[in-house]
Amino acid sequence: MSVLLVEDDPSIAIVITAALEAEGFDVVHCVSIAERDRQLGERRFSALVTDVILTDGDGIATIDRVRAADPELPIIILSAQNTLDTAVRATDTGAFEYFPKPFDIDELARTVRQAVGNAGSRLGEEGEAAPAGLPLVGRSAPMQAVYRMITRVLRNDLTVLVLGESGTGKELVAEAIHQLGHRKAGPFVAVNTAAIPAELIESELFGHEKGAFTGAVARHIGKFEQANGGTLFLDEIGDMPMQAQTRLLRALQSGSIRRVGGREEIKVDVRIIAATNRDLEPMIAAGNFREDLYYRLNVVPITLPPLRERADDIPALARHFLSLAAQEGLPRRRLSDAAAALLARQPWRGNVRELRNFIYRLALLAREDTIDADALAALLEANLRREEAAGEGGLDLAVLAWLASERPAPGTVYDTALAAFERPLFEAVLRDTGGNQLRAAQVLGINRNTLRKRLTELEISPVELSR
Ligand SMILES: Nc1ncnc2c1ncn2[C@@H]1O[C@H](COP(=O)(O)OP(=O)(O)OP(=O)(O)O)[C@@H](O)[C@H]1O
Ligand SMILES: [Mg+2]
């Protein structure tokens, strides 16, 4: 059994040849597309292992010629262009397997053995053109694993659960799966389950009939029905209230929904992608997330690594965002290599989103077109101060944490939040003034009667605070 290896990097060719020979294959090595075609015209091979970018062409773009010579030949693609685009193009050719570089040589040898063993089975379908302008940037090893998972779900309707910290790109992955997948002609409908008041979730998801509840003045088509034939993206699934979880589970099990107040079971054909930045397992243990729903959703988990675990991607991401910023009308800037390296050493706790926001500010605030390490250091410093002012332990986060834990009822959020904010403020100032309301009002800069009224409403007793 012989394998045709098309690889123009001699050091890689040597190790692959050795590994394949150890597996009992003869290896014919060539370095160009022309030579490849000549070999294929002369004899039959058991498998083709090919690089993508070769001196005289592209191993994927010219794959039709390989197919013409031998339609059944298993093809294994190696690539240093580790973009999602290459992964998808490779899968679209119907290649048996795609290996981003650097890869594990033993795994490659095993795969060739397997490919020869079940020649005929293919990863994807044939003949589809690869879409251009893919949204995900980054070629680090952890992102390669993500791309591979994405390519595995494009030709089927398996439910995908996208996990990862906030700002790691979960929504982008969901969109990519839809855009690249076989449902791309259908709608992509996103629902943020955390943003909808608990009592409206069911109506949002499943729709309602006219008169189903007070305020239901007309029939409403829910997200499930809107997504029919396409993809339904259930974002922030970890924040979904229990009752809605139960109804969602029923819809997923039966493949049909019933509008609120409706009788009819309506069949829906949707691909579900769910996402959350929460750790669902402890939530299941605490009884806040249904275990059976978890298993329904977690068919194919795709976990996005935090940016700090793929610092290699930071320069590429930063340049990508600089060019997006320029397209959106901000000044066009460049990053020096030293500046890019400095960016890669920052912690980026808010992940890609934080990097993106910072880069946009950078484009706006930088004084020179080329941002060097010194200019960047100054802006990073300012960013840090800004973060400290607003950030950890600061008011912004406190408000967000308060909202997440209190979940005030819709229609009461502002008043409840204001009361929650005023109470510690008034109490602190009254303590400072020994319970003296007149002085407290002066310190606060508000009218004495306003303060008195609010203290009554909040049931704060100045006398108790005077002690
Ligand atoms: N790999 C990537 N390449 C290019 N842009 C990215 C990448 N990952 C994330 N982004 C961008 O970063 C921002 C945050 O991504 P996204 O909204 O998908 O995060 P998320 O994981 O859904 O966060 P959250 O949990 O807070 O909802 C978006 O502007 C997105 O376009
Ligand atoms: Mg999101």
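The exercises that follow treat a helix pair and the surroundings of a ligand.

This is a predicted model, in which local features need pLDDT of at least 70 and side-chain atom pairs count only at pLDDT 80 or more, while totals for chains, interfaces and linings use all residues. Residues are numbered from 1 along each chain as its sequence is written, and chains are lettered from A and ligands numbered from 1 in the order in which they are written.

**Exercise 1.** Determine how helices H13 and H15 pack.

Solution. Helices are DSSP runs of H or I with at least four residues, numbered from the N terminus. H13 covers residues 314-327 and H15 residues 351-365; their axes are 9 Å apart, at an angle of about 50°. By class, the contact has 11 nonpolar residues, no polar ones and 1 charged.

**Exercise 2.** Locate ligand 1 relative to the domains.

Solution. Begin with the shell: of the 17 residues around ligand 1, Ser166, Gly169, Lys170, Glu171 and Val352 come nearest. A residue counts as near if its C-beta atom, placed from the backbone, lies within 6 Å. Next, helices H7 (170-180), H13 and H15 each supply at least two shell residues. Finally, domain 2 (142-303) and domain 3 (307-390) both contribute to this shell, so ligand 1 lies between them. The domain bounds come from an automatic or database domain assignment.

Note on methods. Axes are lines fitted to C-alpha atoms, for helices over the stretch in contact, and angles run from 0 to 180 degrees between N-to-C directions. Ala, Val, Leu, Ile, Met, Phe, Trp, Tyr, Cys and Pro count as nonpolar, Asp, Glu, Lys and Arg as charged, and the others, Gly among them, as polar.
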